[in-house]
Amino acid sequence: MDFIAFAGTNLFLKRGRKYRFLLLGAAVSAFLSVVCLLAVKNYMLYCLVTHFLINTAMIRIVFGRCSAKTFLENWAVTYLIVILLGGMMEWLGGSGVLARNLLLAVPAAALGVYGALYYLMRRRSFGNHMMRAQIRKDARYIELVAYWDSGNQLRDPYTGQGISIISQAKAREFVDGKKDRIRFVPYRSLGETDGLLAVLDVDEMVVQDGERQQKFRHMAIGIAQKGLLEDKAYDMILHASLG
């Protein structure tokens, strides 16, 4: 059950973690749960320890170091899968399917849950064009939700380098106004014939699309005007060449 939950979170949030880590985390979580079951006699205390201590710690270990927002996403999706799996298994048990063939019932429950989650994720447009990204400069880094846009053809007219666009809110979290050198690049867009875009050069950008990870050195990141990306489900628009 734990492995199915970890694997589902890894798949739907595109964390890119190796399945051996997921399997190891699930095995450790199961072992500690058994130890807790034998040691703790109070059922309510057992549930609190396993769900809010052991499993939460395993989620942190399995998915590694991340921001508080990313950790909460991992935790929420993992527990959503666990709850849905529990409900599906209970329904299969009540219908008699589970009693007849456990080997078929468990995969059937997992497929049903994954199918429901896949539909929900597609409805939120968290599809093939959405992926995880991280930009780094000096010792700083920030994690982002990126959207690959084939329409983003913006390039630095002086260097020819493609420019990805980050929201102003995320830029405020990342940019050091005292240390970072901001340059301005002319651009044209609908309703803006002679605009200037603030651009920051970063040391590295990592794009994680499922198990596929790409690293790009010395990237140009444009800072969007206020309000342009604030109401979106993503923080950054990737340049078309990065797809």
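Asp 156 and Arg 183 are both buried, where buried means under 20% relative accessible area, exposed over 50% and partly exposed in between, with a 1.4 Å probe and protein chains only. Before I go on: this is a predicted model, so to speak of local features we need pLDDT of at least 70, side-chain atom pairs count only at pLDDT 80 or more, and totals for chains, interfaces and linings use all residues. Residues are numbered from 1 along each chain as its sequence is written, and side-chain values use heavy atoms, with hydrogens and water left out.

The side chains of Asp 156 and Arg 183 meet in a salt bridge at 2.3 Å, N to O; the rule is a side-chain nitrogen of Lys or Arg within 4 Å of a carboxyl oxygen of Asp or Glu. This pair links distant parts of the chain, with Asp 156 in the loop between β2 and β3 (163–166) and Arg 183 in strand β4 (residues 182–189), 27 residues apart. Strands here are DSSP runs of E, at least two residues, and helices are runs of H or I, at least four residues, numbered from the N terminus.

Which other residue forms a salt bridge with Arg 183? That is Asp 201, with the closest N and O atoms 2.8 Å apart. Asp 201 sits in strand β5 and Arg 183 in strand β4, so this pair ties together parts 18 residues apart in sequence. Asp 201 is partly exposed, at a relative accessible area of 30%, while Arg 183 has 17% and counts as buried. Elsewhere, salt bridges that share partners join Asp 138, Arg 140 and Asp 180 into one network. Within it, Asp 138 and Arg 140 meet at 3.5 Å, N to O. The count of salt bridges comes to 7.

Arg 140 also lies over the face of Phe 174, 5.3 Å from the ring centre. Arg 136 does likewise with Tyr 141, at 4.9 Å from the ring centre. For this, NZ of Lys or CZ of Arg must be within 6 Å of the ring centre and within 35 degrees of the ring normal.

Now, how many aromatic pairs are there? The count is 2, taking rings of Phe, Tyr and Trp (its six-membered ring) with centres within 6.5 Å, where planes under 30 degrees apart are stacked, over 60 edge-to-face and the rest tilted. Phe 6 and Phe 63 are edge-to-face, 6.3 Å centre to centre with 80° between the planes. Phe 6 belongs to helix α1 (residues 2–12) and Phe 63 to helix α3 (residues 43–63), so they tie together parts 57 residues apart in sequence. Both Phe 6 and Phe 63 are buried. Tyr 147 and Tyr 234 have ring centres 5.0 Å apart and planes at 20°, so that pair is stacked. Tyr 147 is in strand β2 and Tyr 234 in the loop between β6 and β7 (236–238), so parts 87 residues apart in sequence are tied together. Tyr 147 is partly exposed at 25% relative accessible area, whereas Tyr 234, at 15%, counts as buried.

Last stop, the largest pocket, which holds about 660 Å³ of space. A pocket, on a 1 Å grid over the protein atoms alone, is an open set of points where a 1.4 Å probe fits, with protein on both sides within 12 Å along at least five of seven lines; lining residues have an atom within 4 Å of a point. Of its 25 lining residues, Arg 15, Gln 134, Glu 143, Gln 208 and Gln 213 are the closest to the centre. β1 gives the most to the lining, with 4 residues.

Technical notes:
Points joined across faces, edges and corners; volume = space filled by probe spheres on them.
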